[in-house]
Amino acid sequence: MGQTNPPFMSGVPELLVLRLLMKREMYGYELVKSIKLSTGEAITLGEGVVYPALYSLEQRGALKARRKMVNGRSRVYYSVTAKGRKRLQHLMDEWERVSSGVRSVLEEPGRA
Amino acid sequence: MRANSEIDALVSALLDSGVSPKYVSRLASELGDHFTDLEAEARRFGVPPDEASADAKRRLGACSAIAEEFVSRPELRSWKYRSAWLRCVLRVLVAAYLAATTPLRAVAAANGVMLRYTAAAACGTGVTLAMLLVMTLLLSPEFAWGVRIMNGAGTALGHELDLPARRSAPGSASGPASGPPDTPLPGGSTEAAGPDAAAFGVDAPVGDRSGRHALAGATNDRLYGMAPALSAGAEPVLAKPARRPDWRAGEPFWTSRSMNAAVPPFDAPEPRAVVTMLQPAPPDTLTTVDPEALSPIVGTAPSYPVSAARRGIEGYVVVEYTVTREGEVREVVVLETSSQLFNRAALEAAKGLRYRPRTIGGHAVDVVGVRTVIRFELDV
């Protein structure tokens with residue numbers, strides 16, 4: 001049986017969360033929907049577990065949270081801090097390095 | 001809201017596990033709003049209220065998985081749970097103070113000179129212990145300020161101390177430069193299921209019950225009635241959280257299996273939809289039944305609804321429509337369905353069908369009452 005969460009996927013959710021929150025601030029439900037849509041449902045999350053991830057990023061200074069009233073409902077919106085932008089850049093560089101390494105292996109001529 | 005009782009139970013479990021009350025209270029509010037949004041989304045697609053609630057609960061994921069995620073993140077715990085060493089040091093200081101001052105009082109009653117000597121000894125002890133505490137704080141990898149102060153002092157003195165913010169656990173990767181991390185995933189097993197499995201309807205084991213997640217697993221399973229209660233007199237194992245890699249030391253930050261992508265196993269059922277045609281024959285519009293003319297010449301297989309695939313639900317929809325003289329499909333309605341989850345996909349698929357126009361006496365005509373059964377089957 002294949003792995004549901006292979007090690008090479010470590011760090012991907014954090015990368016996606018920071019990248020999407022860079023575009024605009026979002027609350028939890030909106031963020032999960034955005035991940036699903038942006039990845040074409042290639043990556044799905046157990047939606048409840050996005051919150052400990054967001055709190056962890058906030059606790060480490062990568063995100064900040066604020067409560068906003070929208071359409072009569074109070075929501076907690078998350079946005080990226082300067083520290084979070086640096087962290088995002090680091091993750092993107094790392095992802096690029098790993099994915100180009102994998103790509104070069106897959107593109108090698110030979111038997112499939 | 002039906003999920004309230006489960007959210008309350010989750011809140012209690014998290015507080016018992018030492019998660020900071022600030023995050024627990026915020027989680028309760030955000031989970032409640034998220035649940036409401038998921039219900040509303042399902043109901044916009046015509047899903048009945050009961051199914052919408054059940055779907056929302058599944059999409060949120062198992063409470064045990066959420067609790068496990070919190071337990072595996074020590075940075076989210078209350079300070080008194082994070083700094084067990086600090087509590088030990090404080091206890092030692094208090095004990096030392098009492099040990100020093102108790103004889104002091106006894107001696108003071110007897111002899112003034114002895115009092116002075118004893119006071120000096122007590123002060124010396126106190127100062128020594130205070131210095132030890134300060135040095136422990138400065139050198140502790142858990143105290144980031146201390147690390148920065150020491151590194152800064154070392155740099156100023158011309159030495160690159162480069163003290164790590166955290167000690168590396170045995171077997172862990174040295175940092176992102178060395179590639180994918182070897183840090184063991186929470187639960188210890190790559191085959192342990194998480195909320196993805198729960199969303200597919202498979203019971204998700206909580207994790208490695210013999211180790212650090214024993215308390216979380218035992219507490220949550222008792223709450224949700226999934227596991228037998230602990231035997232009388234048995235003490236639950238205190239769940240020591242997994243060490244979180246510190247991104248400041250360049251270690252990979254995220255190893256949670258719960259948030260990672262669901263890479264389906266090789267033998268996972270591949271959802272596919274099979275379109276089966278029923279022969280229409282409304283006698284008032286046709287003079288002859290020409291099966292070939294009523295077969296669609298263009299069509300796209302309907303997409304399998306994600307919510308049905310997750311739950312392993314198969315079914316069918318019977319749709320009826322009119323085939324125009326141009327061969328297009330109009331006025332599509334659902335006649336019969338095994339589950340509302342398939343309706344939308346079936347309607348869209350039917351609208352995309354194209355037919356060779358029916359001709360009677362050389363003239364193309366509309367055909368009403370064309371029926372099609374669209375089956376949704378999981379290919380296992």
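This is a predicted model: local features need pLDDT of at least 70, side-chain atom pairs count only at pLDDT 80 or more; totals for chains, interfaces and linings use all residues.
Local features require pLDDT of at least 70, side-chain atom pairs count only at pLDDT 80 or more, and totals for chains, interfaces and linings use all residues. Residues are numbered from 1 along each chain as its sequence is written, chains are lettered from A in the order in which they are written, and side-chain values use heavy atoms, without hydrogens and water.

Chain A contains four helices and two strands, arranged along the sequence as α-α-α-β-β-α. Helices (H or I, at least four residues) and strands (E, at least two) are DSSP runs, numbered from the N terminus. Further values for chain A are tabulated below.

| Property of chain A | Value |
|---|---|
| Accessible surface (Shrake-Rupley, 1.4 Å probe) | about 5900 Å² |
| Carbon and sulfur share of that surface | 55% |

A nonpolar core is a set of buried Ala, Val, Leu, Ile, Met, Phe, Trp, Tyr and Cys residues joined through side-chain atoms within 4.5 Å. The largest core has 44 residues, of which A:L21, A:L31, A:L54, B:L27 and B:F70 touch the most other members. Beyond its neighbours within four places in sequence, B:F70 is in contact (heavy atoms within 4.5 Å) with residues including A:P52, A:Y55 and B:L14.

B:L98 belongs to helix α6 of chain B, residues 84–110. With a relative accessible area of 45%, B:L98 is partly exposed, a class lying between buried and exposed (over 50%).

Notes
Buried means under 20% relative accessible area, exposed over 50%, partly exposed in between (1.4 Å probe, protein chains only).
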